[in-house]
Amino acid sequence: MTKADEFQPFPIKDQLPGVDFCLNSSPPWPEAILLGFQHFIVMLGTTVFIPTILVPLMGGGNVEKAEVIETVLFVAGINTLLQTWFGTRLPVVMGSSYASIIPSFSIAFSNRFSIYANPRQRFRQSMRAVQGALIIAAFLQILMGFFGFVRIFTRFLSPLAAIPLVTLTGLGLFALGFPQLARCIEVGLPALIIVVVLSQYLPHFTKSKRMVFDRFAVLLSVSIVWSYAEILTIAGAYDNRSPNTQFSCRTDRSGLVGAAPWIRVPYPFQWGRPSFNAGDAFAMVAASFVAFIESIGTYIAASRYASATIPPPSVLSRGVGWQGIGTLLNGLFGTGSTCSASVENAGLLGLTRVGSRRVVQISAVFMIFFSLLGKFGAVLASIPLPIMAALYCVLFAYVASAGITFLQFCNLNSFRTKFIIGFSLFMGLSVPQYFNQYLLTSGHGPVNTGLTAFNNVMQVIFSSAATVAILIAFTLDSTHGYRDGVTRIDSGRHWWVKFRFFSSDTRSEEFYSLPYNLNRFFPSF
């Protein structure tokens, strides 16, 4: 026997081993509450970031920004509970989507709102237009989900096509990582180093492994670096720095604490009656499409880190349908963005090795609680964004690696496999880079026709790395060498054939069946 023969290849696993708490299990209540609070902290980054850049463009001030953030938190908590109870039932946090930024920007800069001299009135009119666009866009997700179109698409999704989708769901957000961290390097870089040391190195030098440092690395690192940033702020380290540096580094520049009320309950149509415009709705529908494509990648990654099997197509379709209900609620309440599964929170499942559904449901309770107690929520929402960007560097990487794990199902010695994976990954990064760079340098996208709505649709779709990647990978996998029977094995389809139908594998019932015996009335196929 040669030395090489002593090493056995790693076996293929339908479920990820090494997870401490899987989808249906839960840590003890005190630990579950802390882990739920940690998920709440992680989702604050996107929750604060989008209103921070959007509300001022609409004409709103700190008061309006605080109210929008509270509304986003409140609706995100409701949507997360709906998704974990009746949707995919995966441990995913349903937050805001970056895909809706471009349509919302277009509405904010629309000439039809320039007639309002009062900034507060302009904000309300702009938000009503965004609400109307979101309400219409929600029906795309509802129709695609509940009418089974997503089920048809994902039934033909192979591991080979899923690799670029899931991988670029994480990697495609690289601009939110180190570039945002570097806006305040003296705060962001220590946060990155600390979270890596706490989660990856320190557990190997302690006796109580997998109990404190790696499982609560996010809470510990945020607490340490936030305190450090507070000290720098009080000491006057940023008093004479540029406004951009002060905004990124100081802990007292968000304006949220002073503007937020002590208690406030968000309610539907709080900004007034929604207004509807065909062009706005057209662009927002594209954002809705991108949001559910990226969310499918997040659902698949979350299932992996929850040590569950791949969600059957009917479950993914059900999840997109409930995501559409979430976008509808976003439109009714006025959050300014479409509903989407949080990529960073899916990465946190991998960091903590806790894929418990109950933990994420507890985090939803924290979202609702702190949205009602405005001052307390505003304090937590004032965490400097470079600290959150440091967390993204780790959490987005976990989601990307979840996609890479599906390589185990494919034939890596096939040149067809190499081409589809390499080409879709490269184009998935290259095309959005071109569209985004063109927008920054020219003030408009490369598609610049006389129809603003059409321009926005093209910009939204081709600015999403995951969307570009899955369009290319799915098309190539379905057409390239389709008549060759070997391609079915090369793509790994034979490994996932048992998950194409809900009843084909008994584990689907264990992980994804609806609560309260609702499967009798809403069967999955």
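Author: The questions below concern a predicted model.

Reader: Which cysteines form a disulfide, with sulfur atoms how far apart?

Author: A search of the whole structure finds one disulfide. The cut-off for such a pair is 2.5 Å between sulfur atoms. The pair that meets it is C184 and C249, at 2.0 Å.

Reader: What parts of the chain does the pair link, and how many residues apart are they?

Author: C184 lies in the loop between α7 (178–181) and α8 (185–201). C249 belongs to helix α10, residues 243–249. The link therefore joins distant parts of the chain, by the separation of C184 and C249: 65 residues.

Reader: Is C393 buried, partly exposed or exposed?

Author: Buried requires under 20% relative accessible area, and exposed requires over 50%. C393 has 27%, so C393 falls in between: partly exposed.

Reader: Which cysteine sulfur is nearest to that of C393, and how far away is it?

Author: C393 is in no disulfide.

Reader: What radius of gyration does the protein have, against that of a compact globule?

Author: The C-alpha trace spans about 75 × 60 × 50 Å along its principal axes. For 525 residues, a compact globule would have a radius of gyration near 24 Å. The protein agrees with this, having 23 Å.

Notes. Residues are numbered from 1 along each chain as its sequence is written. This is a predicted model: local features need pLDDT of at least 70, side-chain atom pairs count only at pLDDT 80 or more; totals for chains, interfaces and linings use all residues. Side-chain values use heavy atoms; hydrogens and water are left out. Helices (H or I, at least four residues) and strands (E, at least two) are DSSP runs, numbered from the N terminus. Buried means under 20% relative accessible area, exposed over 50%, partly exposed in between (1.4 Å probe, protein chains only). The radius of gyration is taken over C-alpha atoms; the globule rule is 2.2 Å times the number of residues to the power 0.38.
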